[in-house]
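Welcome, and thanks for taking a look at this one. Here is a short briefing on backbone geometry and ring contacts.

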Amino acid sequence: MKQISILAAICLISLSLFSQTTEDSVKAAVNKLFEGMKNSDPSLITASFSDSAVLQTIGANREGKTIIRNEKVSGFAESVSKSVKGDLDERIDFGSIKIDGALASVWTPYKFYYKGQFSHCGVNSFQLVRINGAWKIQYLIDTRRKQPCE
């Protein structure tokens, strides 16, 4: 009986460690994108995304109506490559991370700094897919505002 309890405890600990490892690998995939931005490294940015990734930003037009802007990964990576290393600094907090098999959903409030000066804040919503054992960003949509940023 004692052997069954020990075996059950080992299984629970193993499952717990697996969950932490999976969550950590999802965080690492998201952090890779921001490392690429901070280092003005277009190849690192491109490697963060799947081949069919979608990037969108929620904003407002001149009349104040909500609009959604689409961007290609290649265009985003190219624009980042034109910045000086260290100029783009997006500081995120991992809000919630949900994982089911090969799908992960990540919510990250952020503050963005350009050349050390606060620019804007908002939230990123990521959908990641594990492809060939690696987490890739499939979908990224964000909000952007000057305030409130709490």
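A charge counts as sitting over a ring if NZ of Lys or CZ of Arg is within 6 Å of the ring centre and within 35 degrees of the ring normal. Please keep in mind that this is a predicted model.

**Charges over rings**
- Lys27 sits over the face of Phe94, 5.4 Å from the ring centre.
- Arg91 does likewise with Tyr113, at 3.9 Å from the ring centre.

**Aromatic pairs**
- The count of aromatic pairs comes to 2.
- Phe34 and Phe126 make an edge-to-face pair, with 6.2 Å centre to centre and 90° between the planes.
- This pair connects distant parts of the chain, as Phe34 belongs to helix H1 and Phe126 to strand S6, 92 residues apart.
- Phe34 and Phe126 are both buried.
- The ring planes of Tyr113 and Phe118 stand at 75° with centres 5.8 Å apart, so this pair is edge-to-face too.
- Tyr113 is buried at 17% relative accessibility, while Phe118 is partly exposed at 36%.

**Backbone points to check**
- Most residues other than glycine have a negative phi, and most peptide bonds are trans.
- Ser40 has a positive phi, near 50°, and lies in the loop between helix H1 (2-38) and helix H2 (42-48).
- With a relative accessible area of 13%, Ser40 is buried.
- Asn132 also has a positive phi, near 50°, and is found in the loop between strand S6 (117-131) and S7.
- Asn132 is exposed, at 81% relative accessibility.
- The peptide bond between Gln147 and Pro148 is cis, with omega about -10°, and Pro148 falls in the segment after strand S7 (134-143).

Conventions. Residues are numbered from 1 along each chain as its sequence is written. This is a predicted model: local features need pLDDT of at least 70, side-chain atom pairs count only at pLDDT 80 or more; totals for chains, interfaces and linings use all residues. Side-chain values use heavy atoms; hydrogens and water are left out. Helices (H or I, at least four residues) and strands (E, at least two) are DSSP runs, numbered from the N terminus. Buried means under 20% relative accessible area, exposed over 50%, partly exposed in between (1.4 Å probe, protein chains only). Rings of Phe, Tyr and Trp (its six-membered ring) pair if their centres lie within 6.5 Å; planes under 30 degrees apart count as stacked, over 60 as edge-to-face and the rest as tilted.
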